[in-house]
Amino acid sequence: MPQALKMRRMWVMPVAVACVWSCTKSDSKTKSNEGGTMTTVSLPNQLNINSESLGLIKNARLLGNPPPTAALQALAADPGTIFGHSLAEGIKSLKYRISNMELCGVSDGSRGDACNERPFSIFSEDRSTSDYDTFVPGAEAVSNFSGWTDFMKKGSLEDLVGKVTYTDTAIGSYEAVIVNFYRTFKVDAEVQLNNGEKLYTKNVTDFYNNGKTGLDVTYAGKASNITTGPSEEGFFFLPNGGKTFYLQRPFEITQADVDNLVPYKMALAFDHNNFVKGSGSAPGSMSTPPGFVEGQIDDTLGRSIKPGFLEFAPILARESETIMRETYVLSTNDMTGVDDSTKQGFSARLTLYYVKEDESKSIRAVTSRGYYNEYSTSYMNYDPVSGIRRIADGTEAGTIDLFQGTATNFALFKGFKRLTNVGDSGTVTTKLCEGSITNGACSATLKDLTWVYTFVGASEAETELTFEAVPPPPPPAEPAP
């Protein structure tokens with residue numbers, strides 16, 4: 001494993017690893033008919049923007065919010081009150097170098113973003129041997145690399161096409177999908193700030209770093225004229241190089257699946273609202289970098305751009321089934337600001353994924369993104385609605401609890417009632433953890449929040465990765481007597 005992929009994680013508990021098989025990228029023009037197939041298609045969560053705006057308007061009315069004013073938008077000269085983000089349509093490109101993807105039977109975090117039991121490889125890069133020490137911003141290995149996968153363009157995702165097969169060696173249950181990628185990535189985006197400015201990513205060639213090495217080093221691009229368009233594709237750097245995405249319900253391959261050559265598909269859903277943030281509170285000087293630097297920084301103008309972390313929601317289904325998405329817009333007036341003393345408005349998009357042919361519409365995956373609305377008054381240092389790891393049915397028909405991490409003592413959304421008519425609204429409570437979640441517990445005091453939410457639409461979702469069964473090879477012929 002390249003050094004770049006030795007990830008840092010919060011959980012600890014060592015378990016032995018057992019490999020099943022691996023697969024490498026295959027050229028779609030030369031694929032044979034032998035074995036299974038795998039195809040990739042973008043699965044972004046972008047609904048009609050007008051429909052979502054109507055949801056936000058209804059939420060504001062239900063919350064009793066007056067029309068937004070300049071005071072509510074905090075358009076002061078204080079750099080700490082200048083902030084914004086890019087909706088998905090403002091992101092022109094989002095390019096990563098994916099090194100491998102695999103289904104995983106058990107992943108408890110003890111080995112970083114790696115599988116403890118029954119790894120099932122569905123993609124492996126074979127382009128080069130660059131590791132962490134050579135694939136960093138400004139390095140020749142990065143500048144000359146041409147195999148980026150752009151998650152905003154369907155055609156680019158075809159680079160992840162591969163060929164896999166499964167036989168009786170894969171029989172068992174799977175709980176997660178692991179995606180490993182190099183820490184350097186590329187973004188071309190515009191960010192709308194609340195004071196009317198726009199920030200634009202730039203093709204930076206010089207970088208701050210925090211003076212550390214190995215897994216502890218971080219980088220920030222030295223941007224200039226960041227408020228002048230157009231945007232350019234620029235390099236960014238993540239604090240990690242891979243992530244484990246847990247299935248909301250276990251996926252199982254059975255002997256019957258192998259015998260009947262049942263074809264399955266895997267979709268990796270993503271939602272990039274609020275993925276790229278911007279703010280006016282850039283460091284006054286980077287001559288002595290702090291312990292962590294990130295994004296692109298314009299010291300002269302006092303502005304910065306910071307993309308988020310790659311997020312996926314994996315969905316497993318039969319190839320003949322139709323994956324559906326069900327999307328809600330949520331809003332609250334009770335989110336604390338950065339100083340923990342003021343309240344502000346904030347919104348979120350929650351999307352539930354299910355299979356059309358499943359009469360119960362059991363949730364297979366969730367994406368959740370918080371974002372600013374017209375009543376937001378301070379920069380958010382974290383996304384308060386991300387990280388939904390577990391779903392539990394409520395006591396009433398049609399209600400669910402959604403848990404952050406694997407915690408059992410508090411729910412991110414409790415008593416959420418799914419709706420059927422576009423424009424219908426409901427109320428849901430939150431036990432918000434503003435600290436870290438370790439061993440099912442929140443490190444900070446839990447805070448109560450109330451959200452109103454509006455159902456803004458449901459639609460079919462396209463699949464990203466498909467794989468199908470192939471019969472095991474016949475046993476060797478008995479020797480002639």
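Predicted model: local features only at pLDDT ≥ 70, side-chain atom pairs only at ≥ 80, totals over all residues.
Is Cys115 buried or exposed? Cys115 is buried, with a relative accessible area of 3%.

## The disulfide

Cys115 has a partner: a disulfide joins this residue to Cys104, with an S to S distance of 2.1 Å. The count for the structure comes to one disulfide. The torsion about the S-S bond of Cys104 and Cys115 is about 90°, so the disulfide is right-handed. The pair links distant parts of the chain, 11 residues apart, with Cys104 in strand β3 and Cys115 in the loop between β3 and β4. Cys104 is buried too, because its relative accessibility is 0%, and buried means under 20%.

## The open sheet

Let us follow Cys104 into its sheet. Cys104 stands opposite Pro119 in β4, and strand β3 (residues 98–106) pairs with β4 in the antiparallel sense over six bridges. In general, strands of a sheet pair through backbone hydrogen bonds, either parallel or antiparallel.

These two strands belong to an open sheet of four, in the order β4-β3-β6-β12, with antiparallel pairing. Which strands stand at the edges? They are β4 (117–124) and β12 (242–253); each has a single partner strand, so one side of each is left without a neighbour in the sheet. From one strand to the next, the twist averages 25°.

Nonpolar side chains tend to be buried together in soluble globular proteins. Here, the largest nonpolar core has 58 residues, and Tyr96 and Val179 touch the most other members. Among the elements that give two or more residues to this core are β2 (91–96), β6 (172–181), β11 (234–237) and β13 (263–269). Strand β7 (184–193) is also one of them, and the largest share, five residues, comes from β7.

## Aromatic rings and charges

One aromatic cluster is formed by Tyr96, Phe151, Phe181, Phe185, Phe236, Phe245 and Phe312. Across the whole structure, a search finds 23 aromatic pairs.

Some rings have a charged residue over the face. Arg118 lies over the face of Tyr174, 5.1 Å from the ring centre. Lys222 takes up such a place over Tyr208, at 4.7 Å from the ring centre.

Most residues other than glycine have a negative phi, and most peptide bonds are trans. A few places in this model are worth a look with that in mind.

Where is Asn225 found? Asn225 is in the loop between β10 and β11, and its phi is near 50°, a positive value in a residue other than glycine. Asn225 counts as partly exposed, at 44% relative accessibility. Pro230 also has its place in the loop between β10 (219–222) and β11, and the peptide bond from Gly229 to Pro230 is cis, with omega near 5°.

Leu261 has a positive phi as well, near 55°. Leu261 lies in the loop between α3 (255–259) and β13, and is partly exposed at 35% relative accessibility.

## A contact across the sequence

One last stop is Gly80, in the loop between α1 (49–62) and β1 (83–86). Gly80 is partly exposed, with a relative accessible area of 35%. The C-alpha atoms of Gly80 and Ser281 are separated by 5.4 Å, although these residues are 201 residues apart along the chain.

How values were computed:
Residues numbered from 1 in each chain as written. Heavy atoms only, no water. Phe/Tyr/Trp six-rings, centres within 6.5 Å; stacked < 30°, edge-to-face > 60°. Lys NZ or Arg CZ within 6 Å of the ring centre and 35° of its normal. Pairing = 2+ DSSP bridges. Axes fitted to C-alpha atoms, helices over the stretch in contact; angles between N-to-C directions. Disulfide = S-S within 2.5 Å. Buried < 20%, exposed > 50% of the residue type's maximum accessible area, 1.4 Å probe, protein only. Core = buried A, V, L, I, M, F, W, Y, C linked by side-chain atoms within 4.5 Å.
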